[in-house]
Amino acid sequence: MRLRSLITCLTLSLALLGCSSLERKSAVPAQAMSKAQIAGLPSVRYLISTQSGVDAMVNDVILLEQSRGKNAFTGDANYLALSGGGDDGAFGAGLLVGWSKQGTRPNFNLVTGISTGALIAPFAYLGKEYDPALRNVYTNIQPKDIFVERGIISGIFSDGLADSTPLYQLISKYVDADFLKKIAYEYNTNGRWLLIGTTNIDAGVPVVWNMGRIASVGTPEALELFRRIMLASASIPGAFSPVMFDFLVDSQAFQEMHVDGGASTQVFLYPSAAAQKAIELDIRRRNSRQAYIIRNSRLDPRWNETQRSTLSVAGRAISQLIQTQGIGDLYRIYTMTKADNVGFNLAYIGSDFNEPHREEFDTKYMNALFQYGYEHAVKGYQWSKYPPGFSGAFDTDGEKMILNKAGNKK
């Protein structure tokens with residue numbers, strides 16, 4: 001099953017057929033989005049495209065740190081951002097497991113995830129104890145463990161070409177009440193953050209969910225929400241069904257439709273506006289901060305002879321758009337980290353990896369890619385200090401930087 005080709009086919013079919021959509025509750029009105037809350041689970045997400053959403057995130061950081069007393073803002077900080085990439089997430093999983101084996105993997109203060117990165121993030125957050133789970137998920141699964149194809153006709157009249165119930169069941173196998181207790185402990189006791197991104201497709205905006213706060217609620221409803229957010233972040237529009245979330249606005253019921261976080265961004269760290277707000281409020285910052293970004297994708301363009309057909313051309317264009325968006329996200333993060341005095345460290349799939357990719361969630365391909373990431377990490381991964389193609393730019397003070405052949409500033 002080639003997802004991009006099928007998505008393209010679905011889009012064209014819908015345009016031609018003009019078929020009716022499935023029933024749903026009314027979407028949260030645009031003017032009420034900031035007021036909308038999930039019953040019993042208030043203030044668990046941030047609308048980071050708005051200043052009020054950024055302010056809420058910063059305020060929660062302050063409150064959490066204040067609750068920790070003398071331990072607040074002490075020591076160094078390490079951040080981990082995990083990108084989307086479908087079955088290429090095997091690279092990030094292998095890298096993390098190999099990093100544990102190598103012995104220098106830090107305990108991250110912040111972990112963020114998008115799409116396949118959202119599936120990895122909770123395990124990465126809890127540390128090497130969950131390395132066996134990462135290995136198992138990214139080396140033993142098959143397509144049937146992720147989705148069930150509906151068929152073209154059924155898919156066109158549904159809300160996705162595939163049913164992602166198997167993926168939800170896979171998530172539920174590992175994410176249980178005990179798992180959430182561990183997340184909650186790290187959030188409340190150690191002040192560590194776990195953020196997962198989805199896309200509110202009604203509003204066309206990114207949404208960041210505070211998974212530590214959700215875990216802290218500890219109810220069956222919180223567990224269900226935690227699982228469904230992970231599923232939503234990995235729900236490729238058109239390929240998988242979107243995830244519907246029920247919200248209340250002044251006691252009136254509405255729904256939001258959420259899809260893959262990659263529809264908004266391929267990878268995120270934290271909003272640059274949040275860093276600016278922290279400066280304005282004179283919030284104490286840790287002296288040494290390092291960001292590690294794992295891009296579960298190749299960054300070099302891959303030659304691929306394209307058939308002279310509508311679906312082939314459109315599929316190839318979509319693939320290039322996703323790759324270009326991902327590179328743009330890396331430049332955005334790089335610029336932000338430089339301005340915020342945070343170290344930038346980037347890992348990605350190198351051009352030396354050329355295992356054939358025969359289908360989505362190809363077990364042989366994923367095993368090879370997991371091993372590729374693992375071996376690089378065990379040997380001591382050489383993190384890139386710059387985004388791809390960076391060669392001479394201005395730093396935050398406007399001074400021209402010149403790079404030598406090793407990529408070091410002179």
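**Terms set against values**

Mentor: Strand β3 is covered on both faces, with Leu 110, Thr 112 and Ile 114 buried on one side and Val 111 and Gly 113 buried on the other. Please keep in mind that this is a predicted model, in which local features need pLDDT of at least 70 and side-chain atom pairs count only at pLDDT 80 or more, while totals for chains, interfaces and linings use all residues. Residues are numbered from 1 along each chain as its sequence is written, and side-chain values use heavy atoms, with hydrogens and water left out.

Trainee: Why is strand β3 called largely enclosed by the rest of the structure?
Mentor: Buried means under 20% relative accessible area, exposed means over 50%, and partly exposed lies in between, with a 1.4 Å probe and protein chains only. Five of the five residues of β3, residues 110-114, are buried, so the strand is largely enclosed by the rest of the structure. The word strand has its own rule: strands (E, at least two residues) and helices (H or I, at least four) are DSSP runs, numbered from the N terminus.

Trainee: What makes β2 and β3 a pair of strands?
Mentor: Two strands pair if DSSP finds at least two bridges between them. Four bridges join β2, residues 77-82, to β3, and the two run parallel, with Tyr 79 standing opposite Leu 110. From β2 the chain crosses through helix α3, residues 89-102, to β3, and this β-α-β crossover is right-handed, a name used if, with the strands pointing away from the viewer, the path from the first strand over the helix to the second runs clockwise. β3 also pairs with β6, residues 193-200, in the parallel sense over five bridges, and here Ile 114 stands opposite Gly 197.

Trainee: How do you know that the span of helix α2 agrees with its number of residues?
Mentor: The expected span of a helix is 1.5 Å times one less than its number of residues. For the 17 residues of α2, residues 51-67, that should give 24 Å, and the end C-alpha atoms are 24 Å apart, which agrees. Among the buried residues of α2 are Val 54, Val 58 and Ile 62. Just after the helix, Gly 69 takes a positive phi of about 60°.

Trainee: Why is the link between Asp 55 and Lys 277 called a salt bridge?
Mentor: A salt bridge is a side-chain nitrogen of Lys or Arg within 4 Å of a carboxyl oxygen of Asp or Glu. The closest N and O atoms of Asp 55 and Lys 277 are 3.7 Å apart, and the pair forms a salt bridge. It links distant parts of the chain, with Asp 55 in α2 and Lys 277 in helix α11, 222 residues apart. Side chains of opposite charge can pair when their charged atoms come close.

Trainee: Are Asp 55 and Lys 277 buried, exposed or partly exposed, and what makes them so?
Mentor: Asp 55 counts as partly exposed at 27% relative accessibility, and Lys 277 is partly exposed with a relative accessible area of 22%. In another salt bridge, Arg 105 and Asp 131 have their closest N and O atoms 3.0 Å apart, and both of these residues are buried.

Trainee: What makes Glu 129 exposed?
Mentor: Its relative accessible area is 52%, and therefore Glu 129 is exposed. Glu 129 forms a salt bridge with Lys 182, the closest N and O atoms being 2.8 Å apart. Because Lys 182 lies in helix α8 and Glu 129 in the loop between α4 and α5, the pair ties together parts that are 53 residues apart in sequence. Glu 129, Asp 178 and Lys 182 are linked in a network of salt bridges.

Trainee: How do you know that Gly 98 is buried?
Mentor: Gly 98, found in helix α3, has 0% relative accessibility and therefore counts as buried. Contact means heavy atoms within 4.5 Å, and Gly 98 touches Tyr 374, Ala 377 and Val 378, not counting residues up to four places away in sequence.
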